[in-house]
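Okay, thanks for coming, everyone.

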Amino acid sequence: MAVWRKLWCRNLLSVSLLLCVLLLTVDVNARPANMSAVKEKSPAGKDDNEILPPDHLNGVKMEMDGHLNKDFHQEVFLGKEIEEFEEDSEPRRNRKKLIEIFTKVDSNKDKSVSAKEMQRWIMEKTEEHFQEAMVENKNSFRGVDPDANGQVTWDEYRVKFLASKGFNEKEIAEKVKNNEDLKLDEETQEVLESLKDRWFQADNSPNDQLLNEQEFLSFLHPEHSKGMLQYMVKEIVRDLDQDGDKKLTLSEFISLPVGTVENQQAQDIDDDWVRERKKEFEDVIDSDGDGIVTMAELEEYMDPMNEHNALNEAKQMIAVADENQNHNLELDEILKYSEYFTGSKLMDYARNVHEEF
């Protein structure tokens, strides 16, 4: 092992010296030849990935892969203002912003927030996420509808998708047109097959394999369509269901992802995974308390526009910070538990609360 390490270090030093020489001699204005033919790209930004269904859906309790949405509380409390509450932002500014939000939630101006007021607020913030998704979808749809005829074929979409992954768009389009083998790697092929299945699910009657703008919205954001929400639930249950009965037991729901625990830190993460999912399963998802979660229960749990869910969520959020146990939320309580509601800690939360309010 010691010999291998010495050789590795020696080789690393040689490579480093070579790189230094190359950097000193290369023309900084030179451009790589035929970049359009290169498959690999730099890490994609939000705009690059906007035609791919996101794993994370704002205002939905569960991710597409079955993981719990850890930002859900902040998303339904802050709405589109969630980006303003960053961990490294100025605490006093965040405190002022949080006080402003409190006054808006407190619709009857009695200086406390009831469950009904919080429910109304949650529904409004969820609607904001919906509107934001619709605006983004309009731009995304424009990008995959090259002839602007208001409909997108599967072939048009997969050409744009592969282009976003670094494939040469003209070459791919020509191969698709001629029905030639695209010669994709196994991982990309699997992603395409999954997307194709999802595409046909989003295609409402008549099933013409063409998606209009509304259908494309359902394709990207299943929470906007009851049929696609059901499809999302079926996919999650299929991934977690170990005995094939199309239901989930507690043991199935809390099963750890594929992988092994290698150290204590990983063990702690796995313990948190089990604890959080067990609590969510027993306290929220399993509505009839029979120890089994059906697809109907999971669909109800994941429906972001379910008013009953919003009321339950409002009660849970209030209970977290309700130190005086009056079933309402006061300003000092929400400031003290700011990290739960906004993801940011506010230092000296009680200082000048009444003056600022």
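Let's start just after α6, where asparagine 179 takes a positive phi of about 60°. Keep in mind that this is a predicted model. Most residues other than glycine have a negative phi. Asparagine 179 is not a glycine, and still its phi is positive. Where does asparagine 179 lie? Look in the loop between α6 and α7, the latter running over 186-202. And is asparagine 179 buried or exposed? Its relative accessible area is 68%, and the cut-off for exposed is over 50%, so asparagine 179 counts as exposed.

While we're here, have a look at the other end of α6, residues 169-177. Asparagine 168 caps the N-terminal end of that helix. A side-chain oxygen of asparagine 168 sits 3.1 Å from the backbone nitrogen of lysine 170.

Glutamine 209 isn't a glycine either, and its phi is positive at about 65°. You'll find glutamine 209 in the loop between α7 and β2, which is 210-211. With 46% relative accessibility, glutamine 209 is partly exposed.

Okay, on to α13, residues 307-321. Quick check on the geometry: α13 has 15 residues, so at 1.5 Å a residue it should span 21 Å, and its end C-alpha atoms are 22 Å apart, which agrees. This helix has a cap too. Asparagine 306 caps the N-terminal end of α13, with a side-chain oxygen 2.9 Å from the backbone nitrogen of histidine 308.

Which residues of α13 are buried? Here's the list: Asn309, Ala310, Leu311, Glu313, Ala314, Met317, Ile318 and Ala321.

The structure holds 1 cavity of 30 Å³ or more. The largest cavity contains about 100 Å³ of space. Its lining has 15 residues, and the ones nearest the centre are Phe72, Asp303, Pro304, Asn309 and Ala310. By class, the cavity lining has 8 nonpolar, 4 polar and 3 charged residues.

The pocket is lined by 18 residues, with Leu68, His73, Glu276, Lys279 and Glu280 nearest its centre. The helices α2 (72-78), α11 (264-285) and α13 each give at least two residues to this lining. Which element supplies the largest share? That's α11, with 6 residues. How does the pocket lining divide by class? It has 6 nonpolar, 4 polar and 8 charged residues.

First up is lysine 125, in helix α4. The cut-off for buried is under 20%, and lysine 125 has a relative accessible area of 5%, so lysine 125 is buried. What is lysine 125 in contact with, leaving aside its neighbours within four places in sequence? The contacts are Glu75, Val76, Phe77, Leu78 and Gly79.

Then there's glutamate 81, in the loop between α2 and α3, where α3 is 91-105. Glutamate 81 has a relative accessible area of 13%, so this one is buried as well. Skipping neighbours within four places in sequence, glutamate 81 is in contact with Lys97, Ile101 and Lys104.

And finally histidine 67, in the loop between α1 (2-25) and α2. Histidine 67 is partly exposed, at 30% relative accessibility. Its side chain makes a polar contact of 3.0 Å with the side chain of aspartate 65. There's also aspartate 55, 12 residues away along the chain, and its C-alpha atom is separated from that of histidine 67 by 9.6 Å.

That's my tour, so let's turn to whatever you want to discuss.

Methods:
Residues are numbered from 1 along each chain as its sequence is written. This is a predicted model: local features need pLDDT of at least 70, side-chain atom pairs count only at pLDDT 80 or more; totals for chains, interfaces and linings use all residues. Side-chain values use heavy atoms; hydrogens and water are left out. On a 1 Å grid over the protein atoms alone, a cavity is a set of points where a 1.4 Å probe fits but cannot get out, and a pocket is an open set with protein on both sides within 12 Å along at least five of seven lines; lining residues have an atom within 4 Å of a point. Helices (H or I, at least four residues) and strands (E, at least two) are DSSP runs, numbered from the N terminus. Ala, Val, Leu, Ile, Met, Phe, Trp, Tyr, Cys and Pro count as nonpolar, Asp, Glu, Lys and Arg as charged, and the others, Gly among them, as polar. Grid points are joined across faces, edges and corners, and a volume is the space filled by probe spheres set on the points. The expected span of a helix is 1.5 Å times one less than its number of residues. Buried means under 20% relative accessible area, exposed over 50%, partly exposed in between (1.4 Å probe, protein chains only). A polar contact is a pair of N or O atoms within 3.5 Å; within protein, one must be able to donate a hydrogen and the other to accept it, and residues adjacent in sequence count only if both atoms are side-chain atoms. Contact means heavy atoms within 4.5 Å.
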